[in-house]
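I opened my notebook to look around this structure one piece at a time. Here is what I looked up, in the order I went.

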Amino acid sequence: MIKELVRQNRSYRGYDESFRISRETLEDLVECARLCPSSVNKQPLKYYLAWESEQVAVVQSMTRWARALPQMKLPHPGKNPTAFIIICQDTSVDENLNRYQKDVGIVAQTMLLAAVEQGLGGCMIGNFTAGEVQEKLQLGENLKPLLIVALGKPAEEIILVDVPEDGNTNYYRDDRDRHYVPKRSLEEELIN
């Protein structure tokens, strides 16, 4: 079951905008994240929820997507996510922003797996300006944005393929806008 959830958990860059995500759904995803392990059990991460259209539009305007496809504007018009969770670190708990980077990955992946289980999908977005997010969302000085997680009902096809012989791992799209993600083989990943 977990392997199938991992297979379905892709970085979606196209969503059904008619499908709205509720605050309760976002809270449920954060509840899963809250239960995750935390470095030295400090639990410094806090979560900003955006689900109302106006909030979502503000967050969307501050994100930059699909760096490997600079010629393409993603998400396409009319295919934006319908919710976001912004993972922040509360510096009043701990000021060291590097110590909890592993925690950020763990909670983001946990939330995305929980989203997949509910028929949703998402994308981790690290391409944003933290100061801009902090200012536009009027976050407290102690809340430092570390990662944005886009969420919605996926509306695109993502296909996993083997990495080609030239070793290029960049994702790409075909003329039908299907998204291809090259993955290394298990043999390539194993050290021994």
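Predicted model: local features only at pLDDT ≥ 70, side-chain atom pairs only at ≥ 80, totals over all residues.

**Entry 1: the open sheet**

I began with an open sheet of three strands, in the order β5-β7-β6, and its pairing is mixed. The edge strands are β5 (158–162) and β6 (172–173), each of which pairs on one side only.

β5 and β7 are parallel and share five bridges, while β6 and β7 (residues 179–183) run antiparallel and are joined by two bridges. I noted one partner pair from each side: L160 is bridged to V181 in β7, and Y172 is bridged to Y180 in β7.

How many residues lie between β6 and β7 in their hairpin? I found five, and D177 in the turn has a positive phi of about 65°. I also checked how covered β7 is: four of its five residues are buried, so I wrote "mostly covered".

**Entry 2**

Next I searched for aromatic pairs and the count came to one. The ring centres of Y172 and Y180 are 5.1 Å apart and their planes meet at 5°, so I logged the pair as stacked. These two are also the bridge partners I noted above.

Y180 is at 13%, so it counts as buried.

I then looked for charges over rings. The charged end of R13 sits over the ring of Y171, 4.4 Å from the ring centre. The charged end of K153 sits over the ring of F19, at 5.5 Å from its centre.

**Entry 2: the nonpolar cores**

Which residues have the most contacts inside the largest nonpolar core? They are W65, F84, I86, L137 and I148, in a core of 26 residues. The elements giving two or more residues to this core are β1 (45–50), α3 (53–61), β2 (83–90), β3 (121–125) and β4 (143–152). Another core lies apart from it, with 23 residues, among them L26, V104, A114 and L120.

Leaving out residues up to four places away in sequence, I148 touches V59, T63, F84, I85, I86, C123, M124, I125, F128 and V133.

Beyond four places in sequence, V133 is in contact with M62, I86, F128, L139, P145 and I148. I also compared V133 with K144: they are 11 residues apart in sequence, and their C-alpha atoms are 9.0 Å apart in space.

Q134 lies in helix α5 too. Is Q134 buried or exposed? At 13% relative accessibility it counts as buried, because the limit for buried is under 20%. Again setting aside residues up to four places away in sequence, Q134 touches L139, G140, E141, L143, K144 and P145. For G140 I found a polar contact: a polar atom of the Q134 side chain lies 3.0 Å from the backbone oxygen of G140.

Where is V40, which has a positive phi near 45°? V40 is in the loop between α2 (23–34) and β1. With a relative accessible area of 60%, V40 is exposed.

A66 is not a glycine either, and its phi is positive at about 50°. A66 is in the loop between α3 and β2. Its relative accessible area is 7%, so A66 is buried.

My last stop was P75, also placed in the loop between α3 and β2. A cis peptide bond joins L74 and P75, with omega about -10°.

Terms used
Residues numbered from 1 in each chain as written. Heavy atoms only, no water. Contact = heavy atoms within 4.5 Å. Pairing = 2+ DSSP bridges. Core = buried A, V, L, I, M, F, W, Y, C linked by side-chain atoms within 4.5 Å. Buried < 20%, exposed > 50% of the residue type's maximum accessible area, 1.4 Å probe, protein only. Polar contact = N/O pair within 3.5 Å; in protein donor to acceptor, adjacent residues only side chain to side chain. Phe/Tyr/Trp six-rings, centres within 6.5 Å; stacked < 30°, edge-to-face > 60°. Lys NZ or Arg CZ within 6 Å of the ring centre and 35° of its normal.
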